[in-house]
Amino acid sequence: MQMQENQIILRTPAKVNLSLDITGRRADGYHTLRSVFQAINCYDTLTITKTDADTPLSLKCNVEDVPCDARNLVYKAAVKLLGENPCGIAMSLEKEIPSQAGMGGGSSDCAAALLGIRALLGLDVSDEKLLEIAASLGADVPFFLCGGTAVAEGIGEILTPLSDVPARILVVAKGEQGVSTPEGYRKLDTLPELPPPDTDNVLAHLRDTQAQRLFTACGNAFDTVTNLKEIRKIRLVMSSHGIKPVLSGSGAAVFGGCETQTQAEHLAKILSGMPYVRICETIPHGVQYLNGDTWMDL
Ligand code: ATP
């Protein structure tokens, strides 16, 4: 791998859940799930720079609400690799992935920090160990070490990467409001029965030549219980254009799969009053760093 000796710049993708089935509840209160994770080309950018060996870690971010201390998942990643008082690197995070969206922004930044610090400092940490650290930092972090398409089971910790699928076009939209994941689970617990699962149907159509068959199969258990005003509005716009709206994670981002770029542009234009609207594409596995002017797989 080539990179500038003193710096590595990584781009950290967001994800959507093409399906998210809640399959049960364990005795310890955790819910079990089955979900198809799919990385998309909406990215944060993480720059890691070497500093003097005894200079304490610094972290800055372009978004005010994101904590730049030990609460940040990239800081936590550095602590896991470098010890309680991490030194010798400065990190700068440029956020494009919205928070409280169910798009995995913090988890993706965290996975990129683990991979980036290891590469920049040449740390002798095996892939297995990195995976173990990732799992200890959050249920979604292991997915982002590899990206692409994967099935998550258990409480999210059992991950099966799938081979890359054809690129699909999505419109992703989010309002101002975030959602509370615990509240979503509480509401699901009050339902007489769990919403019907979608994962098998999504898996059956992942490589379908007709994108619409895949998008019709997509669904999310939280769709049943998440009903914020802005989400209702996004759903209405998508549905009235023949596009199935699906929540990502526990929300509050909603995505709709489109057949063509023209259809996506039309939909994005109609949704343009929303604080966050992007036309995205699904992407293959791999985490990328900047090499000159080119993004390369790490
Ligand atoms: P998920 O998709 O996993 O449900 P999310 O949509 O809630 O995540 P995140 O961007 O992961 O969104 O951030 C959730 C919270 O985590 C933020 O409100 C923030 O306080 C904290 N956080 C910690 N590290 C980060 C990070 N690197 N980027 C953004 N938020 C972070």
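How many bridges join strand β9 (residues 245–247) to β10, and in which sense do the strands run? The two strands run antiparallel and are joined by 3 bridges. The legends below describe a predicted model, in which local features need pLDDT of at least 70 and side-chain atom pairs count only at pLDDT 80 or more, while totals for chains, interfaces and linings use all residues. Residues are numbered from 1 along each chain as its sequence is written, and side-chain values use heavy atoms, with hydrogens and water left out.

**View 1. Strand β10 and its pairing partners.**
Strands (E, at least two residues) and helices (H or I, at least four residues) are DSSP runs numbered from the N terminus; two strands pair if DSSP finds at least two bridges between them. Strand β7 (residues 169–174) pairs with β10 in the antiparallel sense over 5 bridges. G256 of β10 is the bridge partner of V171, and G256 is also the bridge partner of P245. The hairpin of β9 and β10 has 6 residues between the strands, and G249 in this hairpin takes a positive phi near 55°.

**View 2. Burial of strand β10.**
Buried denotes under 20% relative accessible area, exposed over 50%, and partly exposed in between (1.4 Å probe, protein chains only). Because 5 of the 5 residues of β10 (residues 254–258) are buried, the strand is largely enclosed by the rest of the structure. In a regular strand the side chains alternate between the two faces of the sheet. In β10, V254, G256 and C258 point one way, F255 and G257 point the other way, and all are buried.

**View 3. Cysteines C218 and C258.**
A disulfide is a pair of cysteine sulfur atoms within 2.5 Å. A search of the whole structure finds 0 disulfides. For C218, the nearest cysteine sulfur is that of C258, 12 Å away; for C258, it is that of C280, 11 Å away. C218 counts as buried because its relative accessibility is 0%, and C258 is buried with a relative accessible area of 1%.

**View 4. The two sides of helix α5.**
In helix α5 (residues 181–190), the buried residues are G184, Y185 and L188. They cover an arc of only 95° around the axis (taken from the directions from the helix axis to the C-beta atoms), so they lie on the same side of α5. R186 and T190 are exposed on the other side. The buried residues pack against β1 (7–25) and β2 (31–50). At the start of α5, a side-chain oxygen of S180 reaches to within 3.2 Å of the backbone nitrogen of E183.

**View 5. Nonpolar cores and L271.**
A nonpolar core is a set of buried Ala, Val, Leu, Ile, Met, Phe, Trp, Tyr and Cys residues joined through side-chain atoms within 4.5 Å. The largest such core has 69 residues, of which L46, I48, M91, L114 and L271 touch the most other members. Helix α2 (residues 105–121) supplies the largest share of this core, 8 residues. Contact means heavy atoms within 4.5 Å. Leaving aside its neighbours within four places in sequence, L271 is in contact with V171, A173, I234, V237, M238 and V277.

Definitions and conventions:
A polar contact is a pair of N or O atoms within 3.5 Å; within protein, one must be able to donate a hydrogen and the other to accept it, and residues adjacent in sequence count only if both atoms are side-chain atoms.
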